[in-house]
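Here's a quick tour of the charged pairs in this protein, plus a stop at a greasy spot. Have the viewer open as you read.

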Amino acid sequence: MSKKSNKLDLLVRVRYSNPIPTPPCPPKLLEIPTNPTRYARPDFLNAIANDTPLPMVVDAEFGMPLDLGRWECLWDEEVDDSSLNPDPENLPPLDPKDRFLLGDPSTNSAPYTNGVAAASGSGTSAPLPVHVPWLRKTEYLSKEGVQRSSSNQEIKQLPQHIDVSRSAQLRDIDASFEACNDPSQFDLETIRHPNKEGVMAVESFEIFPDADIWANAYDLFRFTERPGDRTVDVEDPRLDCAILRPVESDGDHFLAYYITNDDDSAFEFKERRSQGAALKEEEPKTTTFHHWRDFETTKIEQEVPNEFLLVIDNGDTQPNVSGTGEERVKGAYYKNIERKMTLKKRRMNASEEYAGEWKVVHMSHAPMSKEELEEREELLAEVTDPGYLLSRDDVDADGEIDVDALGHQAPSGAIEERDVMADIF
């Protein structure tokens with residue numbers, strides 16, 4: 001027995017198909033010029049607005065009944081009009097309910113409730129309610145209100161005139177040294193943390209620029225997730241000596257990340273670099289770094305004014321001599337950060353390859369060239385040469401020396417031509 005299946009693809013079967021024939025020629029587009037001002041005229045709806053009555057449910061006196069018959073001076077010129085036009089020097093007593101109308105709302109921080117100002121028993125006005133924007137989390141609103149009220153109350157009176165002359169600046173600088181070095185003015189027990197109660201100062205350090213690393217440029221990188229193939233709870237010493245190489249491929253800029261295969265290679269590389277043994281070897285040893293992943297930048301901050309590299313030296317460093325040959329005393333040594341970047345993993349296929357891809361990097365130390373040493377000495381002069389700023393007084397913003405200024409300042413015949421050329425070049 002056979003069964004016939006009746007399956008319809010459509011809800012309604014089309015019995016007679018009558019397809020529309022294709023047009024004999026392509027459609028023609030007509031360009032109709034339209035003046036945009038006809039759609040943007042502000043008086044376009046004035047006629048409709050004038051014809052629409054306003055739904056005002058008020059009486060003939062607009063809710064404010066006024067009986068003019070109570071003042072006879074309005075109808076008779078000989079009657080005294082002092083009730084309507086009182087003497088400014090002899091004003092009638094003011095009703096206490098209307099006294100708030102004479103106040104300035106901008107000078108009173110207390111809110112008004114139905115036309116009556118909020119009473120303050122202690123003499124301090126109540127804080128204004130916190131303005132809550134739409135769709136904002138309300139978890140920090142109470143804290144914000146407290147901070148706003150405290151900031152309004154703590155208004156410090158700034159001095160009207162501040163002396164910014166050179167002598168005043170030198171006086172303030174000398175006073176800061178006296179405040180830090182004089183035991184009668186500087187006491188660690190009196191120093192407290194401005195925000196954390198119970199936190200006090202234990203020891204103080206003098207702050208110096210770190211001449212050992214001042215010639216180097218440092219960038220701060222933040223990863224959205226930890227690089228490497230190990231979990232967060234497992235220590236990875238290879239990350240301290242990883243390499244970030246900038247790459248450009250088809251107009252796309254990103255960073256290639258390289259690490260060593262094992263921990264022993266990373267420990268050996270860091271030990272040889274810290275002891276300076278790589279520069280003393282005739283044949284520098286090579287360390288191999290393998291490509292692990294590519295990262296792309298999501299945020300770049302070109303100026304980082306409030307973050308520094310800080311090294312606390314207790315004075316027991318061996319040897320206690322800096323790279324410039326000067327004695328390294330006890331203190332806190334800082335170096336500024338050039339840039340700050342945020343990196344995330346770059347998506348790519350396992351079989352994808354790009355131009356300029358390096359699978360392996362072989363790193364070894366080489367002595368610095370003459371140009372590199374001169375550039376390093378010039379950067380170190382900022383912190384090692386006391387007369388660095390004085391020697392750059394004649395240098396403008398573009399780094400060029402004003403020859404006319406040099407010739408004007410020098411007496412006739414005091415500077416030879418070769419000396420001027422030496423100063424310029």
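## A pair of neighbours

Which residue's side chain meets the side chain of R171 in a salt bridge? It's D172, with 3.6 Å from N to O. Keep in mind that this is a predicted model. D172 has a relative accessible area of 44%, so it counts as partly exposed.

Side chains of opposite charge can pair when their charged atoms come close. A search of the whole structure turns up 22 salt bridges, and a few of them are picked out below.

Now click on R328, which sits in the loop between β8 (308–313) and β9 (331–336). Is R328 buried or exposed? Its relative accessibility is 9%, so R328 counts as buried; the cut-off for that label is under 20%.

R328 forms a salt bridge with D313, at 2.8 Å from N to O between the side chains. Because R328 is in the loop between β8 and β9 while D313 belongs to strand β8, the pair ties together parts that are 15 residues apart in sequence.

Next up is D219, in a salt bridge with R339, where the closest N and O atoms are 3.0 Å apart. This pair links distant parts of the chain: D219 is in strand β4 (residues 219–223) and R339 in strand β10 (residues 339–345), 120 residues apart.

How about exposure? D219 comes out as partly exposed, with a relative accessible area of 29%. R339 is partly exposed too, at 30%.

## A salt-bridge network

## A nonpolar patch

On the surface, L66, L68, L74, W75 and L84 form a nonpolar patch. Together they have about 530 Å² of accessible area.

Take L74 as one member of that patch. You'll find L74 in the loop between α2 (46–51) and β1 (112–113). With a relative accessible area of 43%, L74 is partly exposed.

Key: Residues numbered from 1 in each chain as written. Predicted model: local features only at pLDDT ≥ 70, side-chain atom pairs only at ≥ 80, totals over all residues. Heavy atoms only, no water. Helix = DSSP H or I, 4+ residues; strand = E, 2+ residues; numbered from the N terminus. Buried < 20%, exposed > 50% of the residue type's maximum accessible area, 1.4 Å probe, protein only. Salt bridge = Lys/Arg side-chain N within 4 Å of Asp/Glu carboxyl O. Patch = residues over 30% accessible without salt bridge, like charges linked within 9 Å, V, L, I, M, F, W, Y side chains within 5 Å. Areas by Shrake-Rupley, 256 points an atom, 1.4 Å probe, with all protein chains shown as cover.
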